[in-house]
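Here are some notes to read alongside the structure.

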Amino acid sequence: MHTDYSDLLVELTQQGVLVVTLNRPEKRNALSNGVLSQLISCLDMAASESEVKTVVVYGGETMFAAGADLNEMSTQHAVETWLNPRPQLWQRIDQFEKPLIAAVNGYALGAGLELVLLCDVVVAGEGTLFGLPEITLGLMPGAGGTQRLARTIGKSLANQMVLTGQAITAQTAREAGLISEVTIAENTLNKALDIASTIAQRAPLAVRAAKASLKSVPNGTLSQGLLMERQLFSLLAETQDRAEGIQAFLEKRKATFEGK
Amino acid sequence: MESTILLQVEAGVAIITLNRPKQLNSFNPEMHKALKKALKDAEQDDSVRAILLTGTGRGFCAGQDLNDRNVNSGEEMPDLGESIEKFYNPLIKQISAMPKPVIAAVNGVAAGAGANIALACDIVFAAESASFIQAFCKIGLIPDSGGTWTLPRVIGMARAKALTLLGDKVSASQAEEWGMIWQCVADDELIEKALSVANHLATQPTKGLGFIKHALNHSSQNRLDEQLELEKDLQRLAGRTQDYREGISAFFDKRAPEFKGK
């Protein structure tokens, strides 16, 4: 497996969890196009390797990602910004089909929070701050910040965060539904690994279908969503893993899933 | 001019002394900044494994220096929320989140925020002649620096309400009897006793102690199942410390453990 990236540390656990650690501490893990590209090539690899079941994105005990790379951005005018490949990079992360779990400590600001918003499950250390400070720089979120945040945590808090640029705590983020667990910073990765490893034991096709169904929630009407859910549900009826799962339950034993 | 905060590190204990004795160690912005820095230094210094907070002179801390707060008629009303947001709240959070035990040696009167800062520490010793006063109600204010959170938890709601609404002085011995503090000791033994506990703690498994403190500090916000989950997480981390390994092997070797705080 190719795991050589200049700005990432990549490790596959025995449970099939690929841990991707953003590793540009001197830049506070700023998400430059370079870092995003590496993350995507890592996800591409994870998508094609069947032993990778889930991916955890981590930034370390003190930092997740403090934003985009402002040096990169400051030189770009309207045309360069328009032609920037960045929206496609974000889209490719969004299209990753296996579960993506964020383990967040320190700061998830700007692009860092936009990355968090693309993850399926988010756990954070106490003291973590989530924010979209773009407005304080005379710009605004440009990678889903206004859209996904408002859909995730609701109108008033999203508006407050985007318009003031002020961050919220992990506690508030949990209450608002941005994240699912708060733990102490030293334990954030453990917690994410627990969740990721549990998901990794589930039937891969069922996980994939369930993720696809969940991801469609903000994009359509309830009746479209229910239709999609039912189709995916029916599709799973053809899988060996479903038969195995039900059989194992009835025989009171642990199921062995093959991804078939 | 002498520093408003003294910091001295000895045998693993950082002794932090509030040092504006003429003003009964009441806080001004300079002292707030110095205390914040001293606590941060103590936190980051790996050789420090316990912190002792005390005051010079006859008082422990009289809270906010009201000379900074003179409200003349005709002047704009002050924004007290600002100094709380900037200084007092971060201080209480800093003490509470400190991953090392913080011991208070209350040498004299602890009034207003001064009382609540003492109560925010993990183990509180007070000299016999010391006292605690929730003086806020007498000037139209409310107990800040965590007073309204801490007091009902340590002495119960009935006592907390009477104390904060009446502003009566509580003697150190009464405070001990009520469970507001750990121990009331003779005036001339205060520093010696507090320091001996601090010195002892400085030889103990610091990380484990930090986890205990963390669990207890969270116990009142959590439901039982959340707290059990937190205990599991912290125990997992504690079980991976070198000190745990040392503790176990010393137990089996029937010798005294030598903890490193790692």
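How many aromatic pairs does a search of the whole structure find over all chains? Please keep in mind that the model is predicted.

1. **Aromatic pairs.** The search turns up 2 aromatic pairs over all chains. One of them joins B:Phe27 and B:Tyr88: the ring centres are 5.8 Å apart and the planes stand at 75 degrees, so this pair is edge-to-face.

2. **Charges over rings.** Have a look at B:Arg153, which lies over the face of B:Trp149 at 3.9 Å from the ring centre. In chain A, A:Arg28 lies over the face of A:Tyr107, at 5.6 Å from the ring centre.

3. **Positive phi angles.** Most residues other than glycine have a negative phi. A:Arg28 is not a glycine, yet its phi is positive, at about 50 degrees. You will find A:Arg28 in the loop between strand 2 and helix 1 (33-48) of chain A, and with a relative accessible area of 43% it is partly exposed. B:Lys254, also not a glycine, has a positive phi of about 55 degrees. B:Lys254 belongs to the segment after helix 10 (242-253) of chain B and is exposed, with a relative accessible area of 77%.

4. Is A:Thr21 buried or exposed? Its relative accessible area is 15%, and A:Thr21 is therefore buried, the cut-off being under 20%. This residue is in strand 2 (residues 17-22) of chain A. Leaving aside residues up to four places away in sequence, A:Thr21 touches A:Asp7, A:Leu8, A:Leu9, A:Tyr58, A:Gly59 and A:Gly60. A:Thr21 and A:Val57 are 36 residues apart in sequence, while their C-alpha atoms are 6.0 Å apart in space.

5. **The two domains of chain A.** The domain assignment of chain A gives domain 1 (2-200) and domain 2 (204-250). Taken over C-alpha atoms, the centres of these two domains of chain A are separated by 26 Å. Their contact takes 11 residues from domain 1 and 6 residues from domain 2. The area buried between them is about 660 Å², and carbon and sulfur atoms give 46% of it. On the domain 1 side, A:Glu97, A:Asp120 and A:Arg151 supply 54% of the area buried against domain 2, more than any other three residues.

6. **Salt bridges between the domains.** The count between domain 1 and domain 2 of chain A is 3 salt bridges. A:Lys215 forms a salt bridge with A:Asp94, where the closest N and O atoms are 2.5 Å apart. A:Lys211 and A:Asp120 also meet in a salt bridge, at 2.7 Å from N to O. A:Lys211 lies in helix 10 (residues 204-215) of chain A and A:Asp120 in the loop between helix 5 (111-118) and strand 6 (121-125) of chain A, so this pair ties together parts that are 91 residues apart in sequence. A:Lys211 is buried, at 8% relative accessible area, whereas A:Asp120 is partly exposed, at 32%.

7. **Where the chains meet.** The contact takes 12 residues from chain B and 9 residues from chain A. Together the chains bury about 790 Å² between them, with 38% of it on carbon and sulfur atoms. B:Asp233, B:Arg236 and B:Leu237 supply 47% of the area that chain B buries against chain A, more than any other three residues. Chain B and chain A have 4 salt bridges between them. In one, the side chains of B:Glu229 and A:Lys191 meet at 3.5 Å, N to O. A network of salt bridges links A:Lys191, B:Glu229, B:Lys232 and B:Asp233.

8. **Salt bridges within a chain.** The structure holds 24 salt bridges over all chains. The side chains of A:Asp44 and A:Arg92 meet in a salt bridge at 2.6 Å, N to O. This pair links helix 1 of chain A, which holds A:Asp44, with helix 4 (residues 86-94) of chain A, which holds A:Arg92.

Terms used: Residues numbered from 1 in each chain as written. Chains lettered and ligands numbered in written order. Predicted model: local features only at pLDDT ≥ 70, side-chain atom pairs only at ≥ 80, totals over all residues. Heavy atoms only, no water. Phe/Tyr/Trp six-rings, centres within 6.5 Å; stacked < 30°, edge-to-face > 60°. Lys NZ or Arg CZ within 6 Å of the ring centre and 35° of its normal. Helix = DSSP H or I, 4+ residues; strand = E, 2+ residues; numbered from the N terminus. Buried < 20%, exposed > 50% of the residue type's maximum accessible area, 1.4 Å probe, protein only. Contact = heavy atoms within 4.5 Å. Domains from an automatic or database assignment. Buried area = accessible area lost by both parts, 1.4 Å probe.
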